[in-house]
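Let's take a walk through a structure with two chains, one step at a time. Keep the 3D view open while you read.

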Amino acid sequence: MERELREIEEDTLLNETQKVHSEGYRLIQICATTVDSGYEILYTFGKGYDELSIRFLTKGEKPVQSISRIFPPAWLYENEIHDLFGIEVENMTLDFRGGLYRTSVKAPFARKEA
Amino acid sequence: MGVRSVVPFGPQHPVLPEPVHLDLVLEDEKVVDAIPSIGFIHRGLEKLVDKKDFQEMVYVAERICGICSFGHGFGYCDAVEHIMNIETSERTQYLRTILFELSRMHSHILWLGLLADAFGFESLFMDSWRVREKILDMLECATGGRVIFSILKVGGLRRDIPNDMLKSFLKTLEDVEKDLEVIIRTFLNDYAVKSRLCGVGVLSSEEVEELGCCGPFLRASGVRRDSRKLGYAAYDDIDFEIITHTDGDTYARTYVRAMEILQSAKIIRQAIEMLPDGPIEMPVKGFPDGEYMTRIEQPRGEACYYIKANGKKFLQRMRVRTPTFANIPALTRTLRGCELADVPILILAIDPCISCTER
């Protein structure tokens with residue numbers, strides 16, 4: 001199994017994702033992680049058993065572009081990121097507007113401001 | 001176009017052991033669209049990395065779900081062991097493989113029973129679950145638990161399983177296989193069962209790939225991919241073929257799961273025969289520092305465990321991508337165009353585990 005990680009800029013997400021799609025990859029998962037300077041968003045794709053990840057850092061101040069028009073199942077992961085981390089995602093093919101998870105605390109995984 | 005109406009399905013429904021909701025858009029009896037709704041019982045277990053250290057998180061991972069408990073614990077430990085460069089002993093790897101396959105057997109048999117219950121074949125449901133008890137008895141003998149085993153730890157296992165006990169499992173497995181042959185024959189050949197499953201919820205191999213499906217749901221559409229072939233635990237040493245079917249319907253999904261139960265018995269037998277002696281745990285020094293994603297084949301499909309750590313006792317992030325979560329987009333696709341009466345069976349066809357999804 002081959003593994004590759006590409007670090008990208010947030011602005012190039014759609015271009016990079018389109019490239020990954022044209023290389024024949026499928027979506028495995030999308031994951032957000034809280035870091036000191038904001039959030040890391042990790043997209044994992046697969047082709048056969050091989051794995052390719054792309055990752056960028058966002059401050060979470062402006063919306064992230066949805067990749068659900070390129071990879072249809074992405075809407076579920078993007079709604080999850082929105083509901084747990086409070087990161088806005090734009091242009092999802094199915095947008096629950098914060099209603100995917102019924103959490104008692106809004107965006108429970110979001111960064112706590114110092 | 002006929003008159004459209006929206007019928008709410010769930011979150012409480014006789015066919016659903018756990019809460020999931022669907023808004024079904026109907027034209028007469030035909031479903032033209034389905035909008036899923038989850039998140040009724042989201043527990044935020046991943047957030048517990050803030051309060052539980054990386055050793056304690058094994059217990060949390062095991063408690064994500066009562067059916068896939070072993071797999072969750074295993075996936076978590078495997079990811080942490082990769083970050084910490086811990087090479088587990090061969091005996092540990094074989095014992096983990098045996099326990100994993102016992103878990104797969106009981107999970108698939110549980111699903112067969114639920115499917116039989118969904119189309120009203122009560123005696124088949126009871127027969128399936130009667131056989132499942134024998135698997136749970138073996139797990140109880142080996143680990144002391146029937147649901148949560150708590151036998152895993154970072155670096156190995158908490159307790160050994162005596163060789164004599166494992167040898168006795170071989171006889172039990174023979175009995176289980178005999179019982180299963182009868183049950184599986186009914187699932188795959190009975191006219192009434194086939195009439196409810198054949199041609200229902202068909203997805204092509206292109207569609208399952210596009211929708212990011214995994215597990216038996218993927219393989220039933222002819223895609224030959226099983227994460228056990230990545231070679232974790234002792235799977236590299238075990239001889240097994242990936243089971244697939246090409247019809248892509250609910251019958252094909254039943255076939256793949258049924259055959260995988262019998263295959264698991266063969267894997268366990270091989271693992272017991274090849275089981276080496278040796279230690280069951282390796283020393284764990286320091287704290288994890290780095291990141292890793294493990295992909296393993298849970299009974300319901302591929303599960304991903306992403307761990308990120310920064311050299312401290314508490315992890316920075318634990319993220320679990322469960323197979324049911326990955327199969328939800330495909331579920332909504334299979335529902336489009338189906339008859340209302342087939343909705344319960346199609347929901348069951350992905351073997352939904354809401355406990356995993358609402359981790």
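Predicted model: local features only at pLDDT ≥ 70, side-chain atom pairs only at ≥ 80, totals over all residues.

Strand 8 of chain B has a partner: strand 7 of chain B pairs with it in the antiparallel sense over 5 bridges. One spot to look for is B:Tyr306, whose bridge partner in strand 8 of chain B is B:Arg319. These two strands form a hairpin with 6 residues between them, and in this hairpin B:Gly311 takes a positive phi near 80°.

Now step back to strand 6 (residues 289-298) of chain B. Of its 10 residues, 7 are buried, so strand 6 of chain B is largely enclosed by the rest of the structure. Strand 6 of chain B pairs with strand 7 (residues 301-310) of chain B, again in the antiparallel sense, over 10 bridges. Here B:Ile296 stands opposite B:Ala303 in strand 7 of chain B. This pair of strands makes a hairpin as well, with 2 residues between them.

| Strand pair in chain B | Sense | Bridges | Residues between the strands |
|---|---|---|---|
| Strand 6 and strand 7 | antiparallel | 10 bridges | 2 residues |
| Strand 7 and strand 8 | antiparallel | 5 bridges | 6 residues |

**A helix and a core**

Next up is helix 5 (residues 163-189) of chain B. It has 27 residues and reaches 38 Å from its first C-alpha to its last, close to the 39 Å expected at 1.5 Å a residue. Its buried residues are B:Leu166, B:Phe169, B:Leu173, B:Val176, B:Leu180, B:Ile183, B:Ile184 and B:Phe187. Check the gaps between those numbers with this in mind: an α-helix has 3.6 residues a turn, so residues three or four places apart point the same way. What do the buried residues of helix 5 of chain B pack against? They pack against helix 3 (90-118), helix 4 (122-143), helix 6 (191-197) and helix 9 (250-274) of chain B.

The largest nonpolar core has 138 residues, and B:Met57 and B:Tyr305 touch the most other members. Helix 3 of chain B gives the most to this core, with 12 residues. Not counting residues up to four places away in sequence, B:Met57 touches B:Leu48, B:Val49, B:Lys52, B:Tyr76, B:Leu315 and B:Met318.

**Over to chain A**

Chain A has 2 helices and 6 strands, and from the N terminus on they run β-α-β-β-β-β-α-β. The radius of gyration of chain A is 14 Å, close to the 13 Å that the globule rule gives for 114 residues, so chain A is as compact as a globular protein of that length. Its C-alpha trace spans about 40 × 30 × 25 Å along the principal axes. Of the 114 residues of chain A, 40% count as buried.

Zoom in on A:Leu52, which lies in strand 4 (residues 50-58) of chain A. Is A:Leu52 buried or partly exposed? A:Leu52 counts as partly exposed because it has 18 C-beta neighbours inside 10 Å, and a buried residue needs 20 or more. Leaving aside neighbours within four places in sequence, A:Leu52 is in contact with A:Glu4, A:Val20, A:Tyr25 and A:Phe45. A:Val20 is 32 residues away from A:Leu52 along the chain, yet their C-alpha atoms are separated by 8.4 Å.

**Where the chains touch**

Finally, how many residues does each chain bring to the contact? Chain A brings 18 residues and chain B brings 23 residues. On the side of chain A that touches chain B, strand 2 (residues 26-35) of chain A gives the most, with 6 residues. By class, that side of chain A has 12 nonpolar, 4 polar and 2 charged residues.

Methods:
Residues numbered from 1 in each chain as written. Chains lettered and ligands numbered in written order. Contact = placed C-beta atoms within 7 Å. Helix = DSSP H or I, 4+ residues; strand = E, 2+ residues; numbered from the N terminus. Nonpolar A, V, L, I, M, F, W, Y, C, P; charged D, E, K, R; others polar. Buried ≥ 20, exposed ≤ 12 C-beta atoms within 10 Å, placed from the backbone. Rg over C-alpha atoms; globule rule 2.2 N^0.38 Å. Expected span 1.5 Å × (residues − 1). Core = buried A, V, L, I, M, F, W, Y, C linked by C-beta atoms within 7 Å. Pairing = 2+ DSSP bridges.
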